[in-house]
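Below is a short report on one chain. It begins with a single residue and its surroundings, then turns to the chain as a whole.

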Amino acid sequence: MPTYSSDSEQQPSSTMRLFGRQRPLHAVLGGGRVADVLLWRNKSVSAAILIGATVIWFLFEVIQYNFLTLLCHISIISMLIVFIWSNGAALFDRSPPKIPEIILSESAFKQVSLVFHTKLNRFFSTLNDIACGKDLTVFILMIDEGI
């Protein structure tokens, strides 16, 4: 007759797990790259994420930096980098940056252009009416907001 062991007779496992878990924490967190970053197994990526989050927090909360200003500065710096890279590539025998071309068909361009053109004309017409005083209430409201 086979003998069965009860739960109390089982020997403890060789590794002690925190809070009596059955699976390791890496497996609980999914066992992939996210778990590696959260458990600091990939120290360089974890440190980069921590530093990036700290810089973003510092910019927006401590310095009160605006998001739109940040986007403008990033775009200006990226344009400067591409300009220097494309002009300096010949000096250092490097290849210039490869920027993909966007080709838009003429019919699609005309359709988008027509919609954009009508909205832009309507905007400038309204702006002209306000600036010339044809719509006095909006003109006074704009002056009041500007002060």
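## Ser-46 and its surroundings

Not counting residues up to four places away in sequence, Ser-46 touches Asp-36, Val-37 and Trp-40, where contact means heavy atoms within 4.5 Å. The residue belongs to helix H3, which spans residues 43–62. Helices here are DSSP runs of H or I with at least four residues, strands are runs of E with at least two, and both are numbered from the N terminus. The side chain of Ser-46 also reaches the backbone oxygen of Val-37, at 2.7 Å. A polar contact is a pair of N or O atoms within 3.5 Å; within protein, one must be able to donate a hydrogen and the other to accept it, and residues adjacent in sequence count only if both atoms are side-chain atoms.

Is Ser-46 buried or exposed? Its relative accessible area is 3%, so Ser-46 is buried. The classes are buried for under 20% relative accessible area, exposed for over 50% and partly exposed in between, with a 1.4 Å probe and protein chains only.

## Basis and confidence of the model

This is a predicted model, in which local features need pLDDT of at least 70 and side-chain atom pairs count only at pLDDT 80 or more, while totals for chains, interfaces and linings use all residues. Residues are numbered from 1 along each chain as its sequence is written, and side-chain values use heavy atoms, with hydrogens and water left out.

The chain has a mean pLDDT of 79, and 84% of its residues reach 70 or more; pLDDT is the predictor's confidence in each residue, from 0 to 100. Confidence is highest in H3, at a mean of 94, and lowest in helix H6 (residues 136–146), at 74. Over residues 5–9 pLDDT stays under 50, and for these residues the model has 0 contacts beyond four places in sequence.

## Overall make-up

The chain contains 6 helices and 0 strands, and from the N terminus on its elements run α-α-α-α-α-α. Of its 147 residues, 5% count as buried. Among contacts between residues at least 6 apart in sequence, 0% join residues at least 24 apart.

The accessible surface comes to about 13700 Å², and 66% of this belongs to carbon and sulfur atoms. Accessible areas come from the Shrake-Rupley method with a 1.4 Å probe; for residues, only the protein chains shown count as cover.

## Annotated transmembrane spans

An unreviewed UniProt entry carries the annotation "transmembrane region" for residues 44–60 and 67–86. UniProt positions are given in the numbering used here, feature names are shortened, and annotations may be inferred rather than shown by experiment.

In the model, residues 44–60 are 100% helix and 0% strand, with their end C-alpha atoms 24 Å apart. Residues 67–86 are likewise 100% helix and 0% strand, and their end C-alpha atoms lie 28 Å apart.

## Two loop residues with positive phi

Trp-40, one of the residues that Ser-46 touches, sits in the loop between helix H2 (33–38) and H3. Although Trp-40 is not a glycine, its phi is positive, at about 60 degrees. Its relative accessibility is 39%, so Trp-40 counts as partly exposed.

Gln-64 is placed in the loop between H3 and helix H4 (67–88). Phi of Gln-64 is also positive, near 60 degrees, in a residue other than glycine. With a relative accessible area of 56%, Gln-64 is exposed.

## Aromatic pairs

How many aromatic pairs does a search of the whole structure find? The search finds 2. In Phe-60 and Phe-67 the ring centres are 6.3 Å apart and the planes stand at 50 degrees, so this pair is tilted. Rings of Phe, Tyr and Trp (its six-membered ring) pair if their centres lie within 6.5 Å; planes under 30 degrees apart count as stacked, over 60 as edge-to-face and the rest as tilted. Phe-60 is partly exposed at 27% relative accessibility, whereas Phe-67 is exposed at 53%.

Phe-123 and Phe-124 form a tilted aromatic pair, with 5.5 Å centre to centre and 55 degrees between the planes. Phe-123 is partly exposed at 48% relative accessibility, and Phe-124 is partly exposed at 45%.

## Val-82 in helix H4

Val-82 is found in helix H4 and counts as partly exposed at 32% relative accessibility. Leaving aside neighbours within four places in sequence, Val-82 is in contact with Pro-97 and Ile-99. Val-82 and Pro-96 are 14 residues apart in sequence, and their C-alpha atoms are 8.8 Å apart in space.
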